[in-house]
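Let's take a walk through a protein model together, one step at a time. Have a look at the structure below before reading on.

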Amino acid sequence: MIAWTIYITFAGAVVLLFMPRFLARWIALVTTVADFVVSLIAFFQTSIVDLAHFNTIVRVPWVPSLGMNYHLAVDGISLTMVLVTGIVAVSTVLFSWDADHRQNEFFFWLLLVVAGSYGVFLSADLFLLFVFYELVIVPKYFLIAIFGSTNKEYGAMKLTLYSFFGGALVFIGILVAYVTAGSLDLNQLAQFQFAPQLQAWAFPVLFLGFAVLAGIWPLHTWAPTGHVAAPTAGSMLLAGIVMKLGAYGGLRVAMNLFPQGFEMWRNWIAILAVIGILYAAAVALRQSDLKFVIGYSSVSHMGFVLLGLATANALGVSGAVLQMFSHGVIAALLFAVAGRMIYRRTHTRELDALSGMNLSHVLPFAAFTFVVASAASIGIPGFSGFAAEITILIGAWKTFPLAVWITGAGMVLVAAFTLRALKKSFFGDAVSSVRMQEGRVTLDADWNEQQSITAAEKIGAALLMFATLAVGLYPKFLLDRIMPAVEAMRCLK
Amino acid sequence: MSYLELLKLASPEAVIVVTALAVLAIGLASTRAFALCSAVATLGLVFAIGAVLVLPQNATLFGGMLVISPLNSLFKIICIVLAVFTVLMTPSEKSLRNHGEYLAIILLATAGLMLLVGSEEFLMIFIGLELLGLSLYVMAAFDKTDLRSAEAGLKYFLFGSTASAFTLFGISFVYGMSGTTSLAAIAEKLTSASVQPLLAVGIIMTLVGFAFKIAAAPFHLWAPDAYQGAPVPSAAFIASASKVASFVVLGKIVLVGFAPVHGGAAWHAMVAGWSPVLATLAALSILVGNLVALAQTNVRRLLAYSAVAHAGYTLLGLVAGGRDGFSATLFYTTIYAVTLVGAFGVVALVRRETGGDDFSDFSGLWSRSPLLAGCMSIFILSLAGIPPLAGFFGKFYLFSAALGAGGNHGLLWLVALALFGSLISLYYYLIVLKVIFVDETAAQTSVVKVDLLSRLSLTLLALLVLLLGITPETLAARIIASLP
């Protein structure tokens, strides 16, 4: 059932290419909504007991002579990730509703990213997983290089090369696992005993390869540049889905295949994660471009995911998965406000310029959305961010008490930069409008004409806000499904 | 052994030679009969495929001079199919006069390819190599009005004849050591011998000629000029069919003939033999090809340097050796050839419209011809090794074979280098795609006209690249089954 998410999306992408322009966005919407509905039905239909193990859905021989199978499977972790992909994909299409430049191509690349992501989350064959993983990268390049804004070609190339660098490391790790164990089946590989000497070097190669995409410090620099260069839809997909692919791969493949290697290196992962949280938050505090602030905040929040993975206990790892869901939704919401609601109308993302526009009066709905997103991002109880981060920190307390203290301080920084961005962008004082008129930032004369928030934007924002609130108020809903699946992994202590 | 039987077993070659003569005659009779010449040539090639199909499973003539085996038949067919696509490309090349002669030479080169593929004996291999080489020199220099074409031909000829001389010299050494020219017999003779200096010289010299043919660094210097200067179909043929046949023969020579002196290329555990030599060639090719390609602004030159790098990747399978390694090499070289014929097909059409093949001629191609842009992006992404295209599976197959060989991941250094190389290569492949899809066209917004035939053959090639990526089993299983 849930495998249909992949087929529907690929079919939608191919159909799009041959359709007239005005139909493009409708096809994209129908496709993503269908995916979302499919994943929702699967979510409620599958019993919780079945989600404790990586249960096969489809398994057909693909390249028998090399032992490759078209093998899909699902457990609580992948189902959660599929769900967040569905939510983000639908809202991404809604926030690109007025795309007017090469629409067919735009939605084609967009759907390819989504399809590849579904594929990664559902693959139970290492080769298949890697195929989908690499498939996501090139569409991102085109999304950014063709449809992006600031410095788009540089940002696109940087992001793509970083991704492929990570991909090359993953490639080595996968090849080593394949030729040593002679199998590509993730469930079989998860039972295989690799020699500790092999794990000692294969784990860091494989994990680092995935972690590049998750924005691990110091290999995170593609993320802010890429987010800023990308069109709104690109940033939403990138922060909402693609960064999760890396974290998911690290958990599903690297940690699960090489548990002893993980044990040897997990302190280092925790150190890098904590540095990432603090460093990105500190940098975000000094940014003048709203998208850069959110870009760095993504790196900071993904640091929590990595910290959760490094704890190696059920609570911490489940918290990491929950954080992947939560951050996917929140980051998409933040980028939607910054890129679509604000930038499309004001043609600037400079915080100083925005603070003179008194946007909270002009765009009240945008202000409301941004307040909700900021609250969720800071970790106010009641939103998903809180539920996820508190779970991670409780998990981390058992293994890295020091890290929890430092991260606690880091959360203050997160609050600081988020509130600063919120205040400057929506609740600024009129004083700085003088500076704006001095020509520091050119203001588009006709931006008032398109000020009202469209229905599509409202629906998209409402969907995302509902998701973060629902999970924040009732995290058990997801955790019940995530926890058993995490406990079944052998990388836990 | 009657002549009748010889004729029966060599019927594909005979069909092609007869077709070549027929095309030549038609070309002489009427200078305008372009379409007729192409049709006859294509028909002849199709007949040759049929002739290959009805050959017996296994036969050996004259101590290996002509060998019919599943492997040889498969690659004869692949070479002929590549020749068909080259023939289909010729009408779009305006600069060619004497169409009949050009097609006849393509056919003769194809006959050379088939002799090369179908032989397991050094003398016959050398004759095939020369027949192929001489035809290709003429093809490269065929455009008499273009200085670059003459340069391409001359360079190709000078390098090629020197390389042939080396190979012949090396063969004579090997013959001196073993007293035979048949690959299987050589292998028997060499089993007892360790690698003596004389044999080492013989092996290396023999390999030089093939390193030249597959454009492996440092014997690649002819490639950029030949790829850029020669008429596009000639360049496509040199880059595709000639390479496939060379890899087949090279594989047979090292894995059958020189099998006892395999040596070892594992890091810290190098053993004298041919595999460290090929490993060095591979490493150099990957580095030189990819790094120099970064600086190119001409699509054909870029393809030439990327070809050097791809020769390096392909050698990985031979270094690994064994059935796995050989089949990985054969798979990769086949899909690479298909991809490159397609890429050159696009280049030919763009060149006909804009008169050049620099990056600027490709800028904004997507708006001038979505079909060409789409096909080109499939070919380029396959070269870059992006799933779900054939190049990705090819690389996975090659690298896993290389990593699995030699025990304890001995070739990891070479695989890591190759992955590093393909990471570099992504940059310049993406630049080509950026030029096509992102850059806006300058004042000249002429639509690139694509005739029906080119449209069909390019779509077919693009689909082939896509399908071989999605269902690689169709080709891989066939190659594996054909290996002894």
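Predicted model: local features only at pLDDT ≥ 70, side-chain atom pairs only at ≥ 80, totals over all residues.

Residues are numbered from 1 along each chain as its sequence is written, and chains are lettered from A and ligands numbered from 1 in the order in which they are written.

Start with chain B, which has 22 helices and four strands (DSSP runs numbered from the N terminus: H or I of at least four residues for helices, E of at least two for strands). Buried residues make up 61% of its 484 residues; buried means that 20 or more other C-beta atoms, placed from the backbone, lie within 10 Å of the residue's own.

Now turn to where the chains meet: 26 residues of chain A are in contact with 28 residues of chain B, contact meaning C-beta atoms, placed from the backbone, within 7 Å. On the chain A side, H7(A) gives the largest share, 13 residues.

Finally, find the hairpin of S1(A) and S2(A), with four residues between the strands. In its turn, A:Gly67 has a positive phi of about 75°. Strand S1 (residues 55-63) of chain A pairs with S2(A) in the antiparallel sense over seven bridges; pairing requires at least two bridges found by DSSP. A:Thr56 has A:Ala73 in S2(A) as its bridge partner. Six of the seven residues of S2(A) (residues 68-74) are buried.

Terms used
Buried ≥ 20, exposed ≤ 12 C-beta atoms within 10 Å, placed from the backbone. Contact = placed C-beta atoms within 7 Å.
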